Amino acid sequence: MPFRLPDLPYKFDALEPAIDTRTMEIHHGKHHAAYVNKLNEAIAKHPELGDKTVEELLAGISDIPEDIRTAVRNHGGGHANHSLFWAIMKPNGSGEPSGALAKAISSTFGSFANFQEKIVANGMGQFGSGWTWLVVKADKTLAAYATPNQDSPLMTGDIPILGIDVWEHAYYLKYQNKRDEYLKNWWSVVNWKQVARLFDHAVNQ
Ligand code: MN
């Protein structure tokens, strides 16, 4: 099986109270695991794709054989999106980024507060399931937008460096219908060091 569920870089209860333990257990152990399993099932039908990374599969989505393209889009997207999501969170996150990322955020969005507002507004505006993103575009500038379902920004040539899962499975146990409260509290668990690392990598590649 070419793809495997990555371990969480912290314990299931580490993101309390912003994200509750039970949500983390189900989200990682059931939802993300299912994306990995179904991606593996799809790739098993085309073993020649087995040495590609999930990022490569998504960036080249239009070249994926038609019989598994939707599965790669949904389950490959789910695998890539959740792998990023776990990595850009940490216990006692919060604060603000520094350095080049901070400068890029200010020049693109006007201020850090405006940037946060934009990410939250995009997440609130996403009808149904999806993600709200901060991405680095091909011209190395930043952009913020939402995508439906498990659609990855990689499919349109952008590199996601921060993403918040706004599927109900990400917050419903604790927040029920209050997606706005989940999004507000999410900023207390951001791993800005990791987001900055992804930004530096994306602009320097
Ligand atoms: Mn999810």
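N92 is exposed, with a relative accessible area of 70% (exposed means over 50%, buried under 20% and partly exposed in between, with a 1.4 Å probe and protein chains only). N92 sits in the loop between α3 and α4. Its phi is near 55°, a positive value in a residue other than glycine. Helices here are DSSP runs of H or I with at least four residues, strands are runs of E with at least two, and both are numbered from the N terminus.

This is a predicted model: local features need pLDDT of at least 70, side-chain atom pairs count only at pLDDT 80 or more, and totals for chains, interfaces and linings use all residues. Residues are numbered from 1 along each chain as its sequence is written, and side-chain values use heavy atoms, leaving out hydrogens and water.

Q176 is not a glycine, yet has a positive phi of about 50°. Q176 lies in the loop between α6 (172-175) and α7. Q176 is partly exposed, at 31% relative accessible area. The peptide bond from E16 to P17 is cis, with omega near 0°. P17 belongs to the segment before α1 (21-43).

## The sheet

Three strands form an open sheet in the order β2-β1-β3, with antiparallel pairing (two strands pair if DSSP finds at least two bridges between them). The edge strands are β2 (142-148) and β3 (159-165), each pairing on one side only. From one strand to the next, the twist averages 25°.

Strand β1 (residues 130-136) runs antiparallel to β2, and seven bridges join them. W133 has Y145 as its bridge partner in β2. Helix α4 (residues 99-109) lies across β1, β2 and β3, at about 80° to β2. Axes are lines fitted to C-alpha atoms, for helices over the stretch in contact, and angles run from 0 to 180 degrees between N-to-C directions.

## Aromatic residues

The structure holds 13 aromatic pairs. Rings of Phe, Tyr and Trp (its six-membered ring) pair if their centres lie within 6.5 Å; planes under 30 degrees apart count as stacked, over 60 as edge-to-face and the rest as tilted. W131 and W133 make a stacked pair, 5.2 Å centre to centre with 15° between the planes. W131 is buried, at 0% relative accessibility. W133 is buried too, at 0%.

W186 and W187 pair edge-to-face, 5.4 Å centre to centre with 75° between the planes. W186 is buried at 0% relative accessible area, and W187 counts as buried at 10%.

Elsewhere, the charged end of K174 sits over the ring of Y175, 5.7 Å from its centre. That label needs NZ of Lys or CZ of Arg within 6 Å of the ring centre and within 35 degrees of the ring normal.

## Nonpolar cores

The largest nonpolar core has 45 residues, of which L162, W186 and W192 touch the most other members. A core is a set of buried Ala, Val, Leu, Ile, Met, Phe, Trp, Tyr and Cys residues joined through side-chain atoms within 4.5 Å. Elements giving two or more residues to this core include α3 (66-87), α5 (112-125), α7 (179-186) and α8 (192-204). Strands β1, β2 and β3 are also among them.

Leaving aside neighbours within four places in sequence, W186 is in contact with I19, F85, I88, M89, L162, G163 and I164 (contact means heavy atoms within 4.5 Å).
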